[in-house]
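Please consider the sequence and structure shown here.

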Amino acid sequence: MTYTNSYNKLIYGGFLLLGLYFLFIKKDPGEAIIYLGIALIGDPFDQEKSWSARPLYQRIWLILHLVLLFATMVYSFLH
């Protein structure tokens, strides 16, 4: 594991936790969208691998994160 990869995992985890905090505890989907979106920038997995070369569980995790982000956006717009 490289230093950059550990740093990305830290960034990803921090922003993901902040997003979930604002979504479920503070009930502020607008702030949650910001933090959940920024979390995706800090891809916690090996960024050197192409999308098709990544293990299935990594692709599923990132897709579910994106689905959560879009669902939060729809909820925010409809609420």
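The model is predicted: local features need pLDDT of at least 70, side-chain atom pairs count only at pLDDT 80 or more, and totals for chains, interfaces and linings use all residues. Residues are numbered from 1 along each chain as its sequence is written, and side-chain values use heavy atoms, without hydrogens and water.

The structure holds four aromatic pairs (rings of Phe, Tyr and Trp, the latter by its six-membered ring, with centres within 6.5 Å; planes under 30 degrees apart are stacked, over 60 edge-to-face, the rest tilted). Two of them, including their geometry, are tabulated.

| Pair | Centre to centre | Angle between planes | Class |
|---|---|---|---|
| Phe-22 and Tyr-35 | 5.3 Å | 10° | stacked |
| Phe-45 and Tyr-57 | 6.3 Å | 90° | edge-to-face |

Because Phe-22 lies in helix H1 (residues 3–25) and Tyr-35 in helix H2 (residues 29–41), their pair ties together parts 13 residues apart in sequence; helices are DSSP runs (H or I, at least four residues) numbered from the N terminus. Phe-45 lies in the loop between H2 and helix H3 (56–78) and Tyr-57 in H3, so this pair links parts twelve residues apart in sequence. Phe-15, Tyr-21, Phe-22 and Tyr-35 form one aromatic cluster.

Phe-22 is buried at 16% relative accessible area, and Phe-45 is buried at 15%, whereas Tyr-57 is exposed at 55% (buried is under 20%, exposed over 50%, partly exposed in between; 1.4 Å probe, protein chains only).

In H2, the buried residues include Pro-29, Ala-32, Ile-33, Leu-36 and Ala-39. They cover an arc of only 130° around the axis, which puts them on the same side of H2; the arc is that of the directions from the helix axis to the C-beta atoms.

Conventions
Helices (H or I, at least four residues) and strands (E, at least two) are DSSP runs, numbered from the N terminus.
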